[in-house]
Each structure stands twice: as structure tokens, then as C-alpha cells.
Amino acid sequence: MASITISASFFSRPQLQAQARSRTQKPSPKRNPNPKFKPKKLNNKFKSLSLSSPPPSSSSSSSLGAQATTYTRLPPKEDFNFEFEAPSSDESDEIKLSDSDVAKFAFHNDSSEAEAEMLDTDDDDNEQQEEENESLGFQDETFDGKIVDFYNGDGSSDFEEEGEEEVYYYDSDGKLINLPEEFDDLGLELKEKGVPAVMRCFDRAKIYVKAGDGGNGVVAFRREKYVPLGGPSGGDGGRGGNVYLEVDGAMNSLLPFRNCVHYRAGRGAHGQGRMMCGRKGEDVVVKVAPGTVVREAGNDEVLLELLYPGQRALLLPGGRGGRGNASFKSGNNKVPKIAENGEEGPEMWLELELKLVADVGIVGAPNAGKSTLLSVISAAQPEIANYPFTTLLPNLGVVSFDYDSTMVVADLPGLLEGAHRGFGLGHEFLRHTERCSALVHVVDGSGQQPELEFDAVRLELEMFSPELAEKPFIVAYNKMDLPEAYENSPSFKEKLEGLGIKTFCMSAVKREGTHEVISAAYKLLQETKKSNEGFKGFEDPKDLNHVADMVQKQRSSSISEFEITRDGSCSTWYVNGAGLQRFVQMTNWRYVYNSY
Ligand SMILES: Nc1nc2c(ncn2[C@@H]2O[C@H](COP(=O)(O)OP(=O)(O)OP(=O)(O)O)[C@@H](O)[C@H]2O)c(=O)[nH]1
Ligand SMILES: [Mg+2]
């Protein structure tokens, strides 16, 4: 039985129709006017994930609450794997912020034909569709500036199925290319991440690092007038450049890694005659933001945690330079005709994850006034507007009480009920609160049910990580200048204080009560710092070179440590060993003596 859910958002009815029409129109394949530009494969399935444009701001206080809980993003697919029932308060124990504020319509439609008819947006059928919509009770005016999306039982939208936009690939000559079907899956996978690239790259990056190869040693002999049998004089190759990771205090995101992914240190110069050794390769210093966690790609183990500006870690040591023939001179062999290749520098794909280093994190539902609070207590100027998800990326501000006492406060994107399952944006950035010592939970007092809003956000924090929920926090009941918030404040405060939660009332806009909130947060921070005094973490700079030590240890393993395996299918024997591989790679097989 196919079921359809209609959820409300910001777009108007005429906009909806325009959107549906544009999706159903199949463009005729065109030649790419710019052959160099290769359009990316877009999959329309997840187009509706993009943030909706802000609605015109409303001065009415009731609409503030309503907007604060409007879902602006497509819920995750799993959520549609069950059949929807009309929302009913007695059926669900879960706290549903959305139920109170967001207009939600759910109905069952057994006939797939009727469904197809309703969603048919061809020009010819527009009239018919309007009639049908009217019969279902959907009048233009009733939508009141909100978008309506139609979802099937599996979470896919009929718009997407009916009018999937076709995107074409062109080769460098501008010819149309037919891509194999696997590319569709790939496109889908990429889209399923569901977060715009700029937001994904804010605190996550994947980079490639490679230390420089060592320079080759050479075979050379001294030839000079009046110096017969001058002897071997081939110099060693230079060492390859190292790869360092350094914390740059001026950086506060990993966005620069969007433009630059590959970091290769320079290779060492080759040795020369007259015992001249090669120059060392140039080092590469990869700058990261304070609070960056480094892992090897595909491995969950944390390699490094870089917290403080100026910290520098040697990640990959450069390859050793190959020895020239002068280095092989001995009593037995006075004329060695052998030299080594430079050692190859190690390489690695790294996953960087930024967890902002803030002392206090401001959390709360969208539109609660978090950014307003940050703008009032610090010099930060975050964007403030009367619609949910104004803040898309975390903002940092420094609150200074006097020269000695300062603290860094982070304003995070709003949290929605279900954030841990992919609703809204907040869960993407909740990891930034993991490093905070205390939290300020801002509650929108003008909302219809501030208690439910509070409970839902607390639940989200718990679902994301139990440690996060255990962090000390205070509650800031905001928008006291509005009558409805003022009226509800005594009961809200009483309820929370009954639970032992410190609650402050404030009006961020009027700057009333904000000082008390931030002083209480500072006090909480000091208490937490005192109790954590024993913990030093990764502060010891000696710790930071352990990755390079590990790589070095692996490289210097003995040549006699190897494993022999046989592949029966092709009657091949394999000899595997790190020391052996390095030996083979560094041997210069061009010199015949090397093979003896
Ligand atoms: N009346 C009144 N309005 C407030 C107060 N604090 C914030 N607002 C308004 O509430 C709206 C949302 O404020 P923001 O600071 O952007 O809210 P936010 O929690 O950062 O919202 P997101 O970033 O979308 O999660 C803005 O229009 C503010 O002017 C207040 O104390 N009183
Ligand atoms: Mg904000």
C-alpha cells in the first residue's frame, strides 16, 4: 500500500508548481559549448536537501515559534521505511516538537494511479491536477508560503522519479558520452552525504601526503692529472624532504584543503662526482587549524591530535639518500662499481577532522537566539536572522571579562529533534562541542512549548554522545522581552530548577540578563578546569613525532624478515617483507656488480 506524506516548508504553491514543471521537462541532449567544462553528474534524488530560502520575516511572535521547528531538509531515507500514520499524540511517546508547530498532512492512498495522476505536472494536466488538489483540500491559500513535498513509502519523491533531470557528460571534443550505469550509483552515493560541500569541508578533509624520495648515489672515479688511480669518488644522494603538520592559530576551519589535496615534499638531489653529496629535498609543512584530529584514511585509530597554535609534528620522514660508490670502498673492494638508489619517501592518505577548541558551546533549537547571544557577549558578528538555520557553520567568539580572564565561546547551528538521524544540520557540528568544558543551552521562550524544545534538544545531545550530555550546562531562557516568553518563564524556571538545572532568563536582543548567563558559564568553566587539572592530553611535544618513528621503524626492518606465499592458480611464489622490498627498491640494477 503506497502511502504519501506531505510535509510543509517555506515555498509557496506557485513555486511548487514551477519546481515540479522544471523537473519534468527533459532537456534535449546538447553539445557542450565549452568542451573543457565537464558538467558533474547530478542526481535529482537529493536535490531537495538544499536549504530552502528564508521566508519573509514576520514580526508576529507566534510565527517565531513555528519557524523555529520547521524542517528545512529532507529526512533520512530510513525514516520512510515504515508506513506513515496520521500524527496522533497518544500513539507516540516520543517528544515531537514538529507536531506542535509544523503543519503536517498524512494520508494513505491505495491507488498508485491516483498518486500518479496527482503528481503529473505536465502542462496539459495542470488543470486536472488543480481540480484534484482542490478535491483533496489543497487550496493555494492554505499553503501559506510553504513547500509541499510528496514522499512515497520508501522515502523517494515522486517528483524525482517522474521528472528526473538528465545530465550529460561530454568528452574533451564536446561529444556526448554514455556513461555506464555504475556512475549513477556513484552519483547517488555522493549526493547521499546530504551536506553541501562547503559545510562538509569546514571540519573534515582528506589529503594525500608524500615525503620526498632520497636522491640516488652515483658511481664516479677521481680523474686528475698526476693522480693515478684516484679511487672512487661518487657522492651520496640527498635525503628527501619531510612532511610536517603544524597548527596555525589563524586558521579556524579545514576549508583550505578543498583547493589543495596533494602535498608532496621535494626529492633529494642526486650525488655527484668529487664526493659531492646531493642537496636535501624541500620539506612540506601542512598547516591545520587548532583542534585537528588526524587519522590514516580508512583507519579509525587517531594518529595525532593537534590542539595548540605552534605545535608541529613530523609526520613522514623523507627517504634516505642512496649511497655513492665512495661509501662502498673497503679493504676487499677498493674499486666498487656500485651505488644505491634513493629510498622512496612514504606516502599516506590522511583524514583530518576538526573539533573546535572552544571553552563553552552554545546549543539550542534553531532560531532560539544563540547567535544573538554570541554577538552580545563577544566581538563576533555572526549572521542573525529570523529563520531557522541562519547559522550554517559554527562561529567562535572570545569573551573577555578582563585581561586575564577570557574564554572562547562557540555558537553552533541549531539542533532539531532527530538531529542524530540526520535531521537539520546540528548533528554535523555537534562534535565541536566535545572539546567544550561547559554548554549554554538557549531556549526560545516565545515558542509554543519551551519545555518540549528543551527536552528534545537534550535528548539529541544524549543520542549523539552520552559524554556530551554529561557536560555541565546552564539554561538561558531567551526572548523575555516578548509577553508570551515572560508569562511562561516562571513555570519553566520552576520546573528546571526543580530538576537541579541552573536556569537564567534573558533578552539577548535587549542585552538584559546576558551578563549573568555568561558569568555563570565562566564559573562553570573554571570549576570544570579545576577538576580536570591532572589531565594533560597530547601537550607533550615529544609525543608528536611518534608517527614518523613508527614509519621509520617499519622501514628499518631486517632484510631477513620475510614471508613466502604461493599462489596456486598461477604457480607463482611471492616473497614479502618490508626490509626486502626496500633493499630491492634501493638497489641500482644498472650496475652489474650490484647483482653479485
Ligand atoms: N524579541 C527577541 N528576539 C530575539 C531575541 N534574541 C534573538 N531574537 C531574534 O530571534 C531571531 C533568531 O536569532 P538568531 O540569533 O539568529 O537565532 P539562532 O539560534 O542563532 O538561530 P539559528 O542560527 O538559525 O539556529 C532573530 O530575529 C533575533 O533578532 C530576544 O531576546 N528577543
Ligand atoms: Mg545562529
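This passage describes a predicted model of one protein with a ligand, moving from overall confidence to local details.

The mean pLDDT of the protein is 72, and 62% of the residues reach at least 70. The scores for the model are an ipTM of 0.99 and a pTM of 0.59. Another stretch with pLDDT below 50 covers residues 179–192, with ten contacts in the model beyond near neighbours in sequence. Where pLDDT is low, the predicted coordinates should not be read in detail.

The protein holds 17 helices and 21 strands. Of its 596 residues, 36% are buried. Among contacts between residues at least 6 apart in sequence, 74% connect residues at least 24 apart.

Five strands form an open sheet in the order 8-6-13-10-11, and their pairing is mixed. At its edges lie strand 8 (262–264) and strand 11 (302–306), each of which pairs on one side only. On average, neighbouring strands of this sheet are turned by 25 degrees against each other, direction ignored. Strand 6 (residues 204–210) runs parallel to strand 8, and three bridges join the two. Within this pair, K210 stands opposite R264 of strand 8.

Strand 20 (residues 563–567) and strand 21 are antiparallel and share five bridges. Here D567 stands opposite T572 in strand 21. Four residues lie between the two strands of the hairpin, and S571 takes a positive phi near 50 degrees. How many of the five residues of strand 21 (residues 572–576) are buried? The number is zero, so strand 21 lies largely in the open.

Y226, although not a glycine, has a positive phi of about 70 degrees. Y226 sits in the loop between strand 6 and strand 7 (243–247). Is Y226 buried or exposed? Y226 is exposed, because 4 other C-beta atoms lie within 10 Å, and a residue counts as exposed at 12 or fewer. R274 is not a glycine either, and its phi is positive at about 55 degrees. The loop that holds R274 lies between strand 8 and strand 9 (284–288). R274 has 13 C-beta neighbours inside 10 Å, so R274 counts as partly exposed.

Finally, attention turns to the ligand. Around ligand 1 there are 24 residues, of which G369, S371, N386, T391 and G414 come nearest. Which element gives the most to the shell around ligand 1? Helix 10 (residues 370–377) does, with three residues. Sorted by class, the shell around ligand 1 consists of ten nonpolar, eleven polar and three charged residues.

Note on methods:
Residues are numbered from 1 along each chain as its sequence is written. Chains are lettered from A and ligands numbered from 1 in the order in which they are written. This is a predicted model: local features need pLDDT of at least 70, side-chain atom pairs count only at pLDDT 80 or more; totals for chains, interfaces and linings use all residues. A residue is near a molecule or strand if its C-beta atom, placed from the backbone, lies within 6 Å of it. Ala, Val, Leu, Ile, Met, Phe, Trp, Tyr, Cys and Pro count as nonpolar, Asp, Glu, Lys and Arg as charged, and the others, Gly among them, as polar. Two strands pair if DSSP finds at least two bridges between them. Axes are lines fitted to C-alpha atoms, for helices over the stretch in contact, and angles run from 0 to 180 degrees between N-to-C directions. A residue is buried if 20 or more other C-beta atoms lie within 10 Å of its own, exposed if 12 or fewer, and partly exposed in between; C-beta atoms are placed from the backbone. Two residues are in contact if their C-beta atoms, placed from the backbone, lie within 7 Å. pLDDT is the predictor's confidence in each residue, from 0 to 100.
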